[in-house]
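User: I've got a structure open here and would like to talk it through. Can you take a few questions on it?

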Amino acid sequence: MPAVQLALQHLGKQPAPLRNYELQFHFADSKCDNAKALKAFFEAIFYGPKHLMVFGGLCSSVTSIIAQSLKAWNLPQLSFAATLPALANKRRYPNLFRIVPSNSAVNPALVKFLSNYGWRRVGTLTQLEERFTEENDVRIVIGQFDEFSAAKVFCCVYHLDMFGLKYQWILSGWSETSWWTHTGTSSCSAQSVLSAMEGAVSVDFETLSSQHIRGVSGRTPQEYKQEYDKRCMLKGLGSSKFHGFAYDGTWVVAKALTRVMETLKYREKYSAHRNFTVTEREMANMILQAMSDTKFFGVTGQVLFRNGERVATIKFAQFQAGREVQVGEYSNITDRLEFAGPIWFKGHERTRDHTHVYPQRMEISMVLYSILASISVLGILVTIVFLFFNIQNHNHRVAQMSSPSLNTLLILGTLLSYSFIFLFGLDGSYVPEGVFDALCAIRIWLISIGHSTAFGAMLAKMWRLHLIYESISFRKRNIKNYMLIGIVCGLLLVDMCLLTSLQVLDPLRGTVKEFSLEFDPHGRDFAIRPFLEHCENIHMNIWMMIMYLYKTLLVLLSCVLAWKTRHSNTLTLSHSRCTWISVCIAGPLSVIGAFLALLTRDQPNVQFCIVGVIIITCCSVTLSLVFIPEIILMRTDPDGASLSKQFHSAEREKESERVSEEKESSTKQTDSSASSSMTLISTALIDLLQSDNKYLTMCISEVFIYVIMLIPEVLYLAALPCLFVLFFNVDECISLTDVFLCSVQRRLSLQLPILHHAYLPSIGGVDASCSTPSSPSFGAQHGQEPPSFTGMVHLTDMK
């Protein structure tokens, strides 16, 4: 009421034609009761005087029920406080105009505001809504409720911890100062509500323009506000949110009616008909058209109607430190959003509209890849050196005994295995998607063929050694190279069949495996979803089981043959000991590494480290134990003469054992055909012979026990030259080896003095000196009795 009275006062001071007319209002208080509103409306129509317009009402429900009946009475209506969006329906309310913006007028401003910050996922919290919807992971919440419910809402927000960095509240459609101080029905204090409200943004139509422009009344909005507050103070009335719209609405009514009256005067003056009349329907349409054409700057900003709705200015304010600070303004006329101040966000970064998930590839560490790749390069270079050495010395007697063809295959297998490390460390971050699919196939071909080639060569070596070790004479086993190479080719043929079937029937392709979300430990509103690229196919488990079973059987067979030939004392095949040691080391390591790689598929760095270290270890140990002893033997015996002498000595030992067995057999036959007078002597001789045989068996067992005890020293002896060849010169390595052999021989001679002097020479043992092992004289053994038999004769003579 004070705003309308102030408008009427200002209208009376305006120039013509406004001052030529006087607005008369018939006031009725409906008290927001629909029945009372209808009663007052009908009484005004019935008792008169004749009304031209309806101005009001304050409540949306009263405005709605009056507006539906206005068409029958041919009366236009201008509302200054009803903000219900449903009143914009012109089919239902054709005669209704609103100078106050609708609550839906903030929607274009909200869309502009949300788009400015890139928020696309928004939730709404609406008052008096019977339908409920669920939205997951909502961070931007638009609250559409009045200030009376706000305290309860933000009390819940405070208890649920739905404020701060992760949430942004936008309060739409109302603006009331200090409403949070009225928290009588909530369980929170005003300070708790303010804490939950901190950073919230309110968006509402502008109730009083902030521009310092003199409007239609000749006053700025600020000057009008001073006059209005003074009038309210004098009358002891409180301020209303809609007083500015009531003031501008009065001006709209005055200007529209003045324009219609002036039009009617003009028509009556210049009409051809003397009795000019206007119907009520025509009068209502003229007033509605006049309001549609009204345009001026009022205390609430630019007054402009579009389809009966006010085109308003929307302001944005933020709660900062317990008070509202205007931060932006949106004009529906120009569709522009301008910021008057910065938007404050906790953490100095804008709130996200939902939990942003950032995919993160689980890739192999570049440092780890560089280290293992560098070691692999070094291994490849050393392997190439061994390859040239094997080709250059393939005719040497030492190389011939080690089968250079198998050594070449062994080198090729290790080269493929070393190359596998480079490709195994590559993923989608280094190669394109199409290339990664081809890389999956190349990987499995490299490792499978490399493993079969290397272990196939070792298996062929062990098989040849097994045949030689099980035979009585070397000449009974004439093993050709093509037989050994055939073993490797057979294994490769099995590999080719398996890999070809895999490539044709169920090829490996790059697939992505995603893991569970990992939220930011610092509380920021984003999460990381790790993903890993795998090489997989449809029947991955079946193919892996077949491949693992085949490779495990290959390794197991090699280890069995190596174990069965571990006690071989054949001097010509002394390098075989290094071969079975390498098989026993590389075989179990390769099987264990394959299963560990399968178990660590979801940990790329661990898997790559295990696979790389095991491949490098197996290849390095195998090459070192196969080729370094050959290099040492070639340096100590360049022409192979010592090797030939040892070879023939071994043959003579075999032959002497055979002759001794024949002589013992003939002696037994001669003793059995003696006279009965010698029965007691023969019985005594047999008893002594049996006891002597038991004693010899015990001594031989002790020899084998000590040989087995010396295996760790032999392993150390095999590893020590490897290190010295790599880091020092070969001469120092050879001298160190000779010193170590001497120490071992002396240790054996000191531990078994009686066995050493009495029995070792007879079974091909060594002397107490540090010289090389000497073979017993073959002719001497044929020319005299065995030591045990001589002892028996001496004992008989004493009796």
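**Helix packing and buried spots**

User: What kind of crossing does H1 make as it passes H9?

Analyst: H1 passes H9 in a right-handed crossing; a crossing is right-handed if the near helix is turned clockwise from the far one by less than a right angle, and left-handed if anticlockwise. Quick housekeeping: this is a predicted model, where local features need pLDDT of at least 70, side-chain atom pairs count only at pLDDT 80 or more, and totals for chains, interfaces and linings use all residues. Residues are numbered from 1 along each chain as its sequence is written, and side-chain values use heavy atoms, with hydrogens and water left out. So, going by that definition, the crossing is right-handed.

User: At what angle do H1 and H9 pack?

Analyst: Helices here are DSSP runs (H or I, at least four residues; strands are E, at least two), numbered from the N terminus. H1 covers residues 2–11 and H9 residues 243–270, with axes 8 Å apart. Axes are lines fitted to C-alpha atoms, for helices over the stretch in contact, and angles run from 0 to 180 degrees between N-to-C directions. The angle is about 40°.

User: Which elements do the buried residues of H7 pack against?

Analyst: Buried means under 20% relative accessible area, with exposed over 50% and partly exposed in between (1.4 Å probe, protein chains only). In H7 (residues 190–197), Ser192, Val193, Leu194, Ala196 and Met197 are buried. They pack against helix H6 (147–160), strand S6 (168–172) and strand S11 (313–320).

User: Is Ala67 buried or exposed?

Analyst: Ala67 sits in helix H3 (residues 60–67). Leaving out residues up to four places away in sequence, Ala67 touches Gln77, Tyr93 and Leu96. Its relative accessibility is 4%, so Ala67 counts as buried.

User: Of the 799 residues in the protein chain, what percentage count as buried?

Analyst: The secondary structure of this chain comes to 25 helices and 17 strands. The buried share of its residues is 42%.

Notes
Contact = heavy atoms within 4.5 Å.
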